[in-house]
Amino acid sequence: MSADRPGEARPVLRLELAEPVPPQVPLGADVLLKVRVAGAARDLSGGRIEVVAGEEIVATAMLIAFRDNFSETAAFAVRAPVGVEAFSWTIRFPPQEIGGIAYEGSALPVSSQTRPHRTSLAVWSVPSPVRVADRFAVTVGAKSSGACALSGARIEVRDETDAPLGQGVLGDTPWPGTDALYWTEIALAGPCREGQQCWSVAFAATDVELPHLGASADFSFTAVKPPEHRVAVAVTESEVATPVEASEIALGPYRAATDKTGVARIEVPGGIYDLAVWKSGFEPASRTVEIAADVSVQLELIRRPKELTVWD
Amino acid sequence: MSKSPRPTGAENIDDRPNAEIDRRSFLASGAAVVAIAEAPAAQAAEAIAWDREVDVVVIGAGAGGLVAAIAAREKGASALIVEKNFDIGGRAMMSFGGLYIGGGNRLQKAKGVEDSPDRAFADWSRPEKPMGRFSDRALVRTWADNNLELFDWLEKNGIQWEAYRGAPDRLDRNRTRLNVVRWPNEPTTPARGSGFVRPLEKTARRMGIEILLQQQMTKIHRESPLDGRVTGISTIEVDNSYRPKTRTMNIRARKGIIIATGGSAGNPVFRTMFDVRLTEEYQAENSEWTERTGDGEIAAMEIGAALGATACQTTQDDNLITKGLVKENGLRFYDETVPTRDYEYYAAALAWTGDPKKFNGGGPIWAIFDADAVTREEWDVKPPHVDPAGYFFSADTIEELAGRIVNEYQWRPMPGAGLRKTVERYNSFVDSGVDAAFKKPHPMHKIARPPFYAAWHTPALHDSYTGIRINTSAEVIDLHGKVIPGLYACGDSAGGFGQHGICRAATFGRIAGFHAAAQPS
């Protein structure tokens, strides 16, 4: 049987996409297509759809549903080219017979452009404060928006004036707990001046695995002069007077945690400092202290009633 | 079964099962013309086929409703409770079970706490505090004057007191809150609220009060649309998700109807009447157990009820809880450590951030934190503790995290570079120890170690302090300042007293029950 029934015009089939192809897609990304065939006024389920790139069929799909006067495929993926380029595909309904009726072919050209993967950075384990001119290290991770392995790519650290200070090469395994954050530890010489520093890390545009755009991020720390005095901060729980272990201490820019005896030891240059203590389950406490010699400072923490919650 | 409510001012002929016949024969007689002329309101009344009749109908089986039904029954009235949930308890079930109740009771005396109704009133009507400033002081006085009697009455009806707890909070200066003993083995919640509602449920059932579960009130009937006594309610059976089924019921209330439906905090249309900023993105806490959609308020307003003390709602700090780090635009906007009752925080949180299609409400707020915070706080960031379907996200970098935040209220993608700069700047405040932007005291921890997380941290609605206007007898007041005869409201459904918790509900529930029982049938 054929569609050439007496007195019946051959239907002109029209191809459409449920969602248009975005004008830009990441290179190598899966582009999802859902193809609709309209104009048949009949259910074309079982019919074949092809996606052609150049001369090659890169994907096929089957029409599976008929509604609102069109038949459509499920969403199916077609992989974008892995180079940075403009590309076009032809979506084809090849001439075929469905349900005993022969249909002529129809085609829909689509085009888009690939773009390189983006990169983003994280910087952690930055000690602060750092003693002027002391060496220290930071950890830097880079993530590809395509989750590509960035092993072997270079990370550079620069100071405020953009002068390079050190570099590292991303290792082979992602940082624990992340999907694909490739990382490296970079050793650095401390700054020569005191005070807050804002440095940056940079990932240069590169073709590791696939083309990637460059990225940068800032990190900060405080540089301090050598210490002069030893400060022991003793933290106890109010009323019961027992030592509080693992409470966190901030003495100006200095950080420490209390040990089993509830004491944290910090070495600082003389001066007036804000002392703050924090521990989960307690009210934070703070006071101002003047350090002019080795000194012991006592601080009491008040335990928060356990049941008190904000929605109470 | 009675088919029509009695005419205004007529004798109590409807109490008898054969009232309808009496009415018909009466109307059929030559006296009918006179009766109608005397009672025009009756003409407008719809003919209702009552399926049930009872003296007092209570809508809602929470703290206020259970107390109201027991109080009415105690005074000799028959009482019936309809509840739309599949279990009793209302919001009180999820409560921590603390009551602001004092006045100088036995437990206070034992603790050496000096208290009196005068002191209680003074505390809760303090003008310098937003929470006390806008309350109807006549209601506050009534609460204070009822404290001692209520304490004894609750004990008599099965409530066991645990202890006055910790420090005074909210407006309380010396009594603090009295906790009830949790109901043993309550499966619903580990909180103590069960220790209030379960004993009262037991008492209510023992007294013969019927509790009809999964019955949602759909209408309160009045003799005429805006005049006369209330006559009864209509209900529809609902499923576990409050979806209406098909079975409906009309329940006649001979003496009174008490609204105890838990307030309107979960109804954005309703709550934006008095604070237009409280748009859909603000969820109502405890909604997992019970809805608070203003059912009672709406039904009462449809028959002429007024709202009371609406200023309470916008100015009181228990309306919104929780706080966060960045708005939808990736920017910080406040000191994150302010107490949960910092009203200026909410002004900032609810400020417009530029959505061209939504001018009210402040959009989502996200807490941004790192792997160190998870360790430090001992958080479990896996489902079911977090909801990755739009309310919790994680990523390897801050910029990637911003891109992953997709939520129906996030009207634009959060700019990744913007969030990175926010975090970098915040981290620099940790180095210096000074929050140069919002003066957070002692910023302690950087957000630096991957992976990174974004958690929904948008304020949520807590209490309703605006609701139906009531007088000191818990009678509902209409738009002209007149009592709607036979209609009462209590708990979060009643407006006018900015006191969080169970005691306000119990105080006015008890008053309503007593008053309704004393009404003529």
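Colleague: Which helices and strands each supply at least two residues of the lining of the second largest pocket?

Modeller: Rolling a probe the size of a water molecule over the atoms shows where empty space is left. A pocket is an open set of points on a 1 Å grid over the protein atoms alone where a 1.4 Å probe fits, with protein on both sides within 12 Å along at least five of seven lines; lining residues have an atom within 4 Å of a point. In this predicted model, chain A brings β13 (119-124), β20, β22 (248-251) and β23 (254-257), while chain B brings α14 (371-377) and α16 (416-432). Helices (H or I, at least four residues) and strands (E, at least two) are DSSP runs, numbered from the N terminus.

Colleague: Which element gives the largest share of that lining?

Modeller: α16(B), with six residues. The lining counts 36 residues. Val126(A), Asp372(B), Lys446(B), Ile447(B) and Ala448(B) lie nearest the pocket centre.

Colleague: In which sense do β19(A) and β20(A) pair?

Modeller: Pairing takes at least two DSSP bridges. β19(A) and β20(A), residues 215-224, are antiparallel over nine bridges. Trp199(A) stands opposite Phe219(A) in β20(A). β19(A), residues 195-203, also pairs with β16(A), residues 154-158, in the antiparallel sense over four bridges. There, Ile155(A) stands opposite Phe203(A).

Colleague: How many helices and strands does chain A have?

Modeller: Zero helices and 27 strands. Its C-alpha atoms fill a box of roughly 110 × 55 × 25 Å along the principal axes.

Colleague: What conventions apply?

Modeller: Residues are numbered from 1 along each chain as its sequence is written, and chains are lettered from A in the order written. Local features need pLDDT of at least 70, while totals for linings use all residues.

Terms used: Predicted model: local features only at pLDDT ≥ 70, side-chain atom pairs only at ≥ 80, totals over all residues. Heavy atoms only, no water.
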